[in-house]
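Subject: Handover of a structure and findings

Dear colleague,

Please find below the structure that I am handing over to you. My findings follow directly after it.

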Amino acid sequence: MDSFLRTVADQTVNGLVIGNIYALTAVGLALIFGVSNLINFAHGSVYLIGAYVGWVAITWLHWPFVVTLVAVALSCAAIGLVIERVGLRDLQGSARIAPLLSTIGLSFAFDQIVQLAFTANPQSFASPLPDTRWQVGGVTIGTLDVLIAAISLGVAAALFAFLRFTRLGWALRATAQDRDAAQQMGVDVNRVQQVTFALASALGGLAGLLVGLYFNTVYPTMSFQAGLKGFAANLLGGLGNVPGTVVGGLVLGLIESYGVAVLSSTYRNLFAFLVLIVVLVWRPRGMFSRERTLPPETLTGTFISNSRPVRLPPILLAAVTAFAVIIPVVLPDPYILQVLTNAWLLGLVALSVTLVTGTTGQTSLGQAGFMAIGAYSSALLTLRAGWPFELALAAAAGISAVVGTMLVLPAFRLRAHYVAIATLGIGEIVNQAILNWDSLTNGVLGLVNIPPASLFGIELVTPAGLYWGALALLTLVYLVQSRLLRSPLGRTWRALRDDDVAARAYGINLNRYKALAFSVSAAAAGLAGAFTAHMYTYINHETFTSTTSVLALTTAILGGLGNLAGAIAGSVVLTVLPELLRSWVDYRYLLYGIALLVLIRYRPQGLLGTD
Amino acid sequence: MTQTIAGEPLLDIDAIDTYYGAMQVHFGLRLAVGVGEIVCLLGGNASGKSTTMKVILGLVRPRAGRVRFAGADITGWETPRVIARGLGSVPEARRIFPAMTVRENLLMGAYLRQDRAAVSEDLERILDLFPRLRERLSQRGGVLSGGEQQMLAIGRALMGRPRLICMDEPTMGLSPLYVDRVLELIQTINRQGVTIFMVEQNANLALQIAHRGYVLQNGRIVLEGAAAALLRSAEVQDAYLGGSAAPAA
């Protein structure tokens, strides 16, 4: 066999093996979406827990492999029940996006617990299986390849039989198709939902174990990537479509594998997210559905609960602002100033997310992408083109607005859950582009020696200077945004949040107004990113990740979505609180996760109320 | 008050108050359905008809009052438990499982039954009653016409061998041909011993097949009596049949 064909054959086997694991991960997401109409962001954490339980069982306890499989499935099923209970059932009757956000909170908490228990370092995971390799027509296949294929195909067959031939399987399908009607046939839908979560999570955990074995390593951050791959495979096959999702996983595995062979392995994730966006735009119901419209969603899926926002009197706002301005004079402690500078920058991003998510109703999990565009634009303009900081900063806001809006454009026809996933994917694409566009971004190494921020020739290098710089940007964006919200444009934005169908019936061009909202939002996030770049004087592809996006959204929710003063208050709380509890710094994300869960459950309107 | 039920009623709704948030829907609602009857509940939009159905099915919990069914107090029961007690439901807008076949839809109606042999017999019997469904047995429920879906919904309810079937607007959105067929069918089922409680907006048609009727207005029963009497009643004529014009036969 010539070497080209051999490569193709090897990559096909490779892609199918990876694809099987994606399928195993994604099938759980499909089941949960089908039954509960929820995109379970904690699914990646279940996968992570499965990997670590397996690692502990094999490496520490030396359990036999079959026992390990059972232990992983059972413990992850238990985690699934927790997710169902805390993330979903307790939230019945709240806004539709609430369970999605609470699964984000749960995943923060779970991931951090794993990291606290086993450190952030990757652990080596030696396979206990005999290392036999077979040559089949010039292709090498190992024991693990066979095992992975056997487990996922076996699971797929068992799942098919379960859904098609068992009473509970019928109940599950009926619940997925029409929950109320299923109840009126006597189906206990809560029980069906529990079974679904347990089953889905057991499968997700097994996938995590198999991946750990396949790459001989487990590490805490594998959670997030796995979740994203699962969404991609699931979307490819159609949300809630179980057989479609299996094929979606295999297709995704093959695309990645061939892509990596043609280009390089750093492109692996880029393919997954490009596929995700292409499918969302081309066939939002998955590759097996010819329909190009999304199923109708009765609520536009915002997190807006009816509440009366707390209106701060202007005199108080002015006093607080004045106090913030003089802090460096009265409290010239560099540590405090640094913490507060971070709070102002987070506040800037929270303002940007509260505009698109709170005011316009487009849940964005991609703000970090806009920050990264702003940061790299400004850094490159000063570094390579020699522009002065002020000009570069302004240009960065503009570039972020234009590029960011163009990237989000394909997501405009989507709603609710789909917008959240699409923006998450867009953020990841920006990240992957930065990683791979070496000639422009310097790839993994990042950009160093970025000139510090300056104003009229005076460099802002002292903590006080940086503090005032960040505060000035925040105040500027706050004033612009509150002016916009009081204008007719602001009213239109709220109209398309509250009822996009009615807004359209009034002749409002939705896309134009969404584009306007996203461009203002991306500009603000771009400013935050650019300022951060000049403050650190060093950035790389890991400076702005999806975790930042999720944190920004959490902040905006904490303050009260759509509420500008709330967004800033939220960022002060989330930045200062972990610092006050100094010993809690290791638990930071656990804290964020719990804060998110508690808020959604007990005060969904946020600290200052939604606006 | 006309009380025409002999013996204990199969379904007895007593002094129900229902609220959606702060808005009160039912004000001391009372009605009863005797064994073997066809009883219809009439009323305009927002009179509380559909909510009455939801209260019986356990989908909405009343704040006060009692619902008794088949000798048990079912107030506040979960829906599956009410169904297990012998209640069948033909929901508003039919609510067929669109991706399940006609056969699977029918068998879902027998979800709570354990007697497999009898279920197969019932399936045959129901398919004899609905020859149209037999032709389409392996097609997906979602591709049936509105009238066929209504037949399927009724057949599905029958598969549970219920003592009482609650039907929410069974003629809504059907062609005139199917309206007649559905009404005939309801009478046939009733003659076979199934008690029927139906909510209808089409008072004229409903009263032609019902034994008794109740008229609901703003959450209160304002009129009740034998169907024939209601059909002649000036009030019902005014409210639902477009003035004093004689009902079309």
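In this predicted model, 80% of the contacts in chain A between residues at least 6 apart in sequence join residues at least 24 apart. Chain A contains 24 helices and 6 strands. Its radius of gyration is 24 Å, close to the 25 Å given by the globule rule for 611 residues, so chain A is as compact as a globular protein of that length. The C-alpha trace of chain A spans about 70 × 60 × 50 Å along its principal axes, and 54% of the 611 residues in chain A are buried.

One helix pair in chain A may interest you. Two packed helices are described by the angle between their axes and the distance between the axes. For helix 2 (residues 43–60) and helix 3 (residues 65–88) of chain A, the axes come within 9 Å and cross at roughly 145°. The crossing of helix 2 and helix 3 of chain A is right-handed. Helix 2 of chain A contributes A:Val46, A:Ile49, A:Gly50, A:Val53, A:Gly54, A:Ala57 and A:Ile58 to the contact, while helix 3 of chain A contributes A:Thr68, A:Ala71, A:Val72, A:Ser75, A:Cys76, A:Ile79 and A:Gly80. This contact of helix 2 with helix 3 of chain A has 9 nonpolar and 5 polar residues, and no charged residues.

I turn now to chain B. Here 4 strands form an open sheet in the order 2-1-4-5, with antiparallel pairing. Strand 2 (23–33) and strand 5 (72–73) of chain B are the edge strands, each pairing on one side only. Strand 4 (residues 64–69) and strand 5 of chain B run antiparallel and are joined by 2 bridges; B:Phe69 stands opposite B:Ala72 in strand 5 of chain B. Helix 1 (residues 49–57) of chain B packs on the sheet and touches strand 1 (11–20), strand 2 and strand 4 of chain B. The direction of helix 1 of chain B makes about 110° with that of strand 1 of chain B.

Finally, which residues bring the two chains together? The contact takes 14 residues from chain A and 17 residues from chain B. On the side of chain A that touches chain B, helix 6 (167–177) and helix 7 (179–184) of chain A each supply at least two residues. Helix 6 of chain A gives the largest share of that side, 5 residues. By class, the residues of the side of chain A that touches chain B divide into 6 nonpolar, 4 polar and 4 charged.

With kind regards

Definitions and conventions:
Residues are numbered from 1 along each chain as its sequence is written. Chains are lettered from A and ligands numbered from 1 in the order in which they are written. This is a predicted model: local features need pLDDT of at least 70, side-chain atom pairs count only at pLDDT 80 or more; totals for chains, interfaces and linings use all residues. The radius of gyration is taken over C-alpha atoms; the globule rule is 2.2 Å times the number of residues to the power 0.38. A residue is buried if 20 or more other C-beta atoms lie within 10 Å of its own, exposed if 12 or fewer, and partly exposed in between; C-beta atoms are placed from the backbone. Two residues are in contact if their C-beta atoms, placed from the backbone, lie within 7 Å. Ala, Val, Leu, Ile, Met, Phe, Trp, Tyr, Cys and Pro count as nonpolar, Asp, Glu, Lys and Arg as charged, and the others, Gly among them, as polar. Axes are lines fitted to C-alpha atoms, for helices over the stretch in contact, and angles run from 0 to 180 degrees between N-to-C directions. A crossing is left-handed if the near helix is turned anticlockwise from the far one by less than a right angle, and right-handed if clockwise. Two strands pair if DSSP finds at least two bridges between them.
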